[in-house]
Amino acid sequence: MRTNAEIREAIPEDLDQIEQVLSECKRHLEQKGIYQWNDQYPNTAYFLEKLKHGELFVIEYESEIAGSFVVDENVMPEWGQVKWQYEKGRYLLLHALFINPLIQGKGLGNRVLDFLEEMAVKGQYDGIRLDVFSKNENALKFYVKRGFKHRGDIILPFKPVDNQVYACYEKILRTSSLHS
């Protein structure tokens with residue numbers, strides 16, 4: 001399903017709308033008993049830092065910001081416990097992906113992953129890695145459907161109690177540099 005969503009690097013003027021959409025997403029998830037985000041992450045300081053480094057992106061749908069995500073190479077220390085398929089290699093990392101709940105199901109998540117795969121191939125990355133809240137079943141199914149493999153779970157101690165387990169996934173896009 002091809003969508004008319006556009007993805008671009010965020011600019012400072014986008015921050016208010018990004019935070020508005022995030023707030024809607026948090027509220028929507030919490031109504032379903034999913035507590036994956038809190039005031040510590042993601043927050044304004046996080047977005048400002050990522051914006052400064054060109055790592056914050058927005059998803060535009062019908063001329064409105066419909067969501068946002070971060071792409072970087074910053075591995076969280078907790079990921080060191082994960083049994084990734086390959087220990088070496090270069091990976092794009094996806095963080096804090098959220099899409100306005102009113103327009104979910106219109107192919108925007110697929111558009112984000114297509115964008116990431118194109119970015120990874122152009123940048124000669126070996127794959128894409130991410131973590132996702134273990135109680136967010138829709139997100140877990142989505143990544144598996146897109147060819148991501150579950151590589152293990154981690155505990156994020158800064159998250160609320162009973163909401164600290166995150167599943168780590170990866171999708172290998174090329175292996176030529178991984179076997180040398």
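Mentor: We'll start with the overall fold and then go down to single residues.

Trainee: What should I keep in mind about the model and its numbering?
Mentor: This is a predicted model, where local features need pLDDT of at least 70, side-chain atom pairs count only at pLDDT 80 or more, and totals for chains, interfaces and linings use all residues. Residues are numbered from 1 along each chain as its sequence is written, and side-chain values use heavy atoms, with hydrogens and water left out.

Trainee: OK, how many helices and strands are in the chain?
Mentor: The chain has 4 helices and 7 strands. Both are DSSP runs numbered from the N terminus: H or I over at least four residues for helices, E over at least two for strands. In sequence order the pattern reads β-α-α-β-β-β-α-β-α-β-β.

Trainee: And what radius of gyration does it have?
Mentor: The chain has 16 Å, which agrees with the value near 16 Å for a compact globule of 180 residues. That radius is taken over C-alpha atoms, and the globule rule is 2.2 Å times the number of residues to the power 0.38. The C-alpha trace spans about 45 × 35 × 30 Å along its principal axes.

Trainee: What share of the residues is buried?
Mentor: Buried residues make up 51% of the 180. Buried means under 20% relative accessible area, exposed over 50%, and partly exposed in between, with a 1.4 Å probe and protein chains only.

Trainee: Let's do the sheet. In what order do the strands sit?
Mentor: The 7 strands form an open sheet in the order β1-β2-β3-β4-β5-β7-β6, with mixed pairing. Two strands pair if DSSP finds at least two bridges between them. The edges are β1 (6-9) and β6 (149-155), each pairing on one side only. On average, neighbouring strands are turned by 30° against each other, direction ignored. Axes here are lines fitted to C-alpha atoms, for helices over the stretch in contact, and angles run from 0 to 180 degrees between N-to-C directions.

Trainee: Which helix packs on that sheet?
Mentor: Helix α3 does, touching β1, β2 (56-61), β3, β4, β5 and β7 (165-172). Its direction makes about 160° with that of β4. Contact means heavy atoms within 4.5 Å.

Trainee: Tell me about β4. Why call it largely enclosed?
Mentor: Because 9 of the 9 residues of β4 (residues 91-99) are buried, the strand is largely enclosed by the rest of the structure. On one pairing, 5 bridges join β4 to β3 (residues 64-72), and those two run antiparallel. D72 stands opposite L93 there.

Trainee: And β4 with β5, parallel or antiparallel?
Mentor: Parallel, over 4 bridges, with β5 covering residues 127-133. L92 stands opposite I128 in β5. The chain gets from β4 to β5 through α3 (residues 108-122), and this β-α-β crossover is right-handed. Right-handed means that, with the strands pointing away from the viewer, the path from the first strand over the helix to the second runs clockwise.

Trainee: Which strands pair with β7, then?
Mentor: β5 and β7 pair in the antiparallel sense over 7 bridges, and L130 has Y169 as its bridge partner in β7. β6 and β7 are antiparallel too, over 6 bridges, with D153 opposite A167. In β7, 6 of the 8 residues are buried, so this strand is also largely enclosed by the rest of the structure.

Trainee: Switching topic: how many disulfides are there?
Mentor: A search of the whole structure finds 0, taking a disulfide as a pair of cysteine sulfur atoms within 2.5 Å. C25 is buried at 4% relative accessible area, and C168 is buried at 0%.

Trainee: I spotted K26. Where is it, and is it buried or exposed?
Mentor: K26 is in helix α1 (residues 15-31), and K26 counts as buried with a relative accessible area of 17%. Leaving out residues up to four places away in sequence, K26 touches W37, N38 and D39.

Trainee: Last one: which residues other than glycine have a positive phi?
Mentor: Among them are A96, with phi near 50°, and Q124, with phi near 55°. Most residues other than glycine have a negative phi. A96 lies in strand β4 and is buried at 9% relative accessible area, while Q124 lies in the loop between α3 and β5.
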